[in-house]
Amino acid sequence: MSNVKKFMYINNKAPYGTIYAWESLEVVLIGAAFDQDVSLMFTGDGVYQLMKGQDTKEVGIKNFSPTYAALGDYDINKIYVEKESLDARGLTVDDLMHLVWEDEDEDWAEKDSIKVVTSAELAEILDQQDVVLSF
Amino acid sequence: MAAIEFEGKSYEVDEEGYLLDLNQWVPGLADIMAKDEDAVLTDAHWEVINFLREYYEEYQIAPAVRVLTKAIGKKLGKDKGNSKYLYELFPYGPGKQACKYAGLPKPTGCV
């Protein structure tokens with residue numbers, strides 16, 4: 001299909017101080033209905049959106065982090081996390097939720113969705129996109 | 001604000017009939033909502049409704065129809081994981097109608 005475009009959603013903000021993270025996730029899920037080639041990228045404080053064990057009880061906001069686990073169902077399996085952003089915050093991929101997708105062509109084998117990449121690699125990935133949306 | 005009266009309690013719904021507070025949901029509400037749309041809920045309907053509630057519990061969203069269809073197929077078998085089967089049960093759209101009966105918000109990305 002020639003009308004499939006490459007969409008990249010950049011997530012650069014902490015999950016609960018503003019509405020950006022949730023809005024981004026909603027746009028991603030809505031956009032997934034249009035069968036585009038979707039990638040997500042998490043940089044800066046945006047990496048906190050993918051943290052394990054989020055608990056929002058004290059701030060009185062819905063904890064929407066379980067929704068990231070549904071991305072695989074929506075065929076969204078290219079989730080890039082910037083290595084430098086993790087390093088700067090003392091985090092590793094083990095601090096993040098384990099997001100997977102199931103490959104229908106390989107008898108529903110579970111595969112990791114999250115890829116940790118350097119900012120140089122991210123720049124290359126960004127360069128290949130048709131549409132970049134920043135949240 | 002519109003409301004559904006059931007067993008002496010009042011349940012607020014939005015202008016399209018979706019329950020405002022999903023924690024209030026009781027199975028009896030689904031039967032009332034269905035009756036309002038001239039539908040009678042069978043075990044086959046309940047299978048989908050219960051599946052949607054479990055999906056919401058786990059992921060905090062109501063799945064898009066495409067995702068629902070695939071997931072139902074995986075869980076309940078290929079003969080149920082197709083749009084023909086689901087539309088026969090929920091002619092107004094499996095996402096929209098079944099989510100309403102399940103007390104969930106309208107699915108994200110539902111047009």
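## Selected positions in chain B

B:V40 is exposed, having 8 other C-beta atoms within 10 Å; a residue is exposed if 12 or fewer other C-beta atoms, placed from the backbone, lie within 10 Å of its own, buried if 20 or more do, and partly exposed in between. This model is predicted, so local features need pLDDT of at least 70 and side-chain atom pairs count only at pLDDT 80 or more, while totals for chains, interfaces and linings use all residues. Residues are numbered from 1 along each chain as its sequence is written, with chains lettered from A and ligands numbered from 1 in the order in which they are written.

B:V40 belongs to the loop between α1 (27-36) and α2 of chain B. Helices (H or I, at least four residues) and strands (E, at least two) are DSSP runs, numbered from the N terminus. B:Y87 is placed in helix α4 (residues 83-89) of chain B and counts as partly exposed, with 15 C-beta neighbours inside 10 Å. From B:Y87 to B:Q97 the C-alpha distance is 9.8 Å, and the two are 10 residues apart in sequence.

## The open sheet of chain A

Chain A contains an open sheet of 5 strands in the order β6-β3-β2-β1-β7, with parallel pairing; two strands pair if DSSP finds at least two bridges between them. At the edges stand β6 and β7 (131-134) of chain A, each with a single partner strand, so one side of each lacks a neighbour in the sheet. On average, and with direction ignored, neighbouring strands of this sheet are turned by 25° against each other. Axes are lines fitted to C-alpha atoms, for helices over the stretch in contact, and angles run from 0 to 180 degrees between N-to-C directions.

Strand β3 (residues 79-82) of chain A is covered on both faces: A:I79 and A:V81 on one side, and A:Y80 and A:E82 on the other, are all buried. β3(A) pairs in the parallel sense with strand β2 (residues 37-42) of chain A over 3 bridges, and with strand β6 (residues 114-117) of chain A over 4 bridges. A:V81 stands opposite A:F42 and also opposite A:V116 in β6(A). Strand β1 (residues 6-11) of chain A pairs with β7(A) in the parallel sense over 4 bridges, where A:I10 stands opposite A:S134.

## Helices on the sheet

Helix α3 (residues 119-127) of chain A lies across β1, β2, β3, β6 and β7 of chain A and runs at about 140° to β3(A).

## Helix packing in chain B

The axes of α2(B) and α3(B) come within 11 Å and cross at roughly 110°. α2(B) is therefore roughly perpendicular to α3(B), a class that spans 65 to 115 degrees, whereas angles under 35 count as roughly parallel, over 145 as roughly antiparallel and the rest as oblique. In this packing, B:E47, B:V48, B:F51 and B:Y55 of α2(B) meet B:A71, B:I72, B:K75 and B:L76 of α3(B). Two residues are in contact if their C-beta atoms, placed from the backbone, lie within 7 Å.

## The contact between the chains

The contact takes 12 residues from chain B and 12 residues from chain A. On the side of chain B that touches chain A, α2 (43-59) and α3 (65-76) are the elements that give two or more residues, and α3(B) gives the most, with 4 residues.
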